[in-house]
Amino acid sequence: PAQRDGMAPANPLIEAVTRLRDGGLVAFPTETVYGLGADARNPAAVARIFAAKGRPADHPLIVHLADAAQLRDWACEVPRVARRLARKFWPGPLTMILPRAAGVPDAVTGGLDTVALRVPAHPLALALLRAFDGGIAAPSANRYGRVSPTRAEHVREELGAAVDLVLDGGPCAVGIESTIVDVTGDRARILRPGPITKRQLMEVLGASFSPIPGGAVRAPGCEVSHYAPLARVVLTSGAQAVQVVEHWWALGMRVGLLSGWRPPTLEASVAWLSLPETGEEQARALYCRLREADHLGLDVLVAVLPPAIGLGLALRDRLRRAAGSGDVSAPVSRESATES
Ligand code: TXA
Ligand code: MG
């Protein structure tokens, strides 16, 4: 019985492959966030990604691969560090920037001479990649600048009919986007902090690793305002949270507090959006909470920054971008400066 309602094939994976081969858009789960996928060798299909997201055309995409053996199809040169990182972290939430091979469309790389590559650790993503037997270009499946989707319904909510098919793989286990490491230079560099931490990278790379993220590097998607809910996001420390909430509340705003605990003196009309305890749990919950802020119609979301260690660095990065303050290394208040 391959048909449902006499129309839709019962196997979504087969339909997904057909759609991709026809130049369509297929949203699929990864362990980090949902991706909006197209055949990476098909410039017209890739162009549809940019149209669906409302993303500027010069922003490069990540090409997703089934395994590291495919590196050679997409990168003209694979340095030893890249092989080491692939062996250690793939499949997994690590994206590597490598010199691009001939034939990788400009539509994918935004005209750069490098390409971003990743093998995701999600059974459905890997099954799709194997069945498709090629690279799938996929940004996060959200509208440009908005919060990345961590559930299939977020994708439908946000992109609707612009997507031909959404593969539902349940909630994403990691919840924030992959760590991006540039391995094209003499020293590897983090372009976007993420689930694979600085410490984990240093264990593999040792002295050849430069831990300073960003700088003047062109890592688009690292715009000032990104991962942003509709509410204005205001960052604070735990010690100042109540004071900051009260400031906005007194101005007549609908205010929410995103924090690990509910201060007992918090006004009853202030929405408390709870964050769990560990960095891993916080990463998993963060984007759902930001979406909740929108569903509640909040004007202001006051967010307590997690400590700047381990996964906390990636969480702070996303919160800072949600707040529209892009400099990842700049302290936002005296309190948070002493934390880091
Ligand atoms: O976890 C993830 O990485 C998710 C899932 C779907 O894999 N994808 C994701 O894609 O976050 P996106 O497009 O939202 O973010 C990819 C980032 C962008 O900031 C982009 O500028 C950067 O990767 N990027 C892509 N190619 C690049 C290149 N050649 N050089 C520098 N940065 C690049
Ligand atoms: Mg994105």
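The C-alpha centres of domain 1 and domain 2 lie 28 Å apart. This is a predicted model, and the two parts come from a domain assignment of the chain: domain 1 covers 3-210 and domain 2 covers 232-329. The domains touch. On the domain 1 side 13 residues make contact, and they meet 14 residues of domain 2. What is the make-up of the side of domain 1 that touches domain 2? Six of its residues are nonpolar, six are polar and one is charged.

G145 and R321 are 176 residues apart in sequence, yet their C-alpha atoms are 9.4 Å apart in space. G145 is found in the loop between strand 8 and helix 7, the latter spanning 152-159. Is G145 buried or partly exposed? A residue needs 20 or more C-beta neighbours within 10 Å to count as buried. G145 has 17 inside that distance, so it counts as partly exposed.

Now look at the record. An unreviewed UniProt entry annotates residues 10-196 as "domain: YrdC-like". Over residues 10-196 the chain is 30% helix and 19% strand.

Start with helix 1, residues 12-21. Its buried residues are A16, V17, R19 and L20. Seen down the helix axis, these residues fall within an arc of 160 degrees, so they line one face of helix 1. What do they pack against? Their partners are strand 3 (26-28), strand 4 (35-39), helix 6 (123-132), strand 8 (136-137) and strand 9 (165-166). Just after helix 1 comes G23, with a positive phi of about 85 degrees.

Next come the paired strands. Strand 7 spans residues 114-118 and is mostly covered, with four of its five residues buried. Strand 5, residues 62-64, pairs with strand 7 in the parallel sense over three bridges. To locate this pairing, find I62, whose bridge partner in strand 7 is A116. Strand 6, residues 94-99, also pairs with strand 7, here in the antiparallel sense over four bridges. In this pairing, M96 has L117 of strand 7 as its bridge partner.

Strand 6 leads on to strand 10. These two strands pair in the parallel sense, over four bridges. I97 marks the spot: its bridge partner in strand 10 is D182.

Which way do the residues of strand 10 point? Strand 10 spans residues 179-182, with T179 and V181 pointing one way and I180 and D182 the other. In a regular strand, side chains alternate between the two faces of the sheet. In strand 10, the residues pointing each way are all buried, D182 included.

Strand 10 has a further pairing, with strand 11. Strand 11 spans residues 188-192, and the two strands run antiparallel over three bridges. They form a hairpin with five residues between them.

Go from strand 5 to strand 7 by the parallel pairing, then from strand 7 to strand 6 by the antiparallel one. Cross from strand 6 to strand 10 in the parallel sense. Finish by stepping from strand 10 to strand 11, in the antiparallel sense.

Note on methods
Residues numbered from 1 in each chain as written. Chains lettered and ligands numbered in written order. Predicted model: local features only at pLDDT ≥ 70, side-chain atom pairs only at ≥ 80, totals over all residues. Domains from an automatic or database assignment. Contact = placed C-beta atoms within 7 Å. Nonpolar A, V, L, I, M, F, W, Y, C, P; charged D, E, K, R; others polar. Buried ≥ 20, exposed ≤ 12 C-beta atoms within 10 Å, placed from the backbone. Arc of directions from axis to C-beta. Pairing = 2+ DSSP bridges. UniProt positions renumbered as here; feature names shortened; annotations may be inferred.
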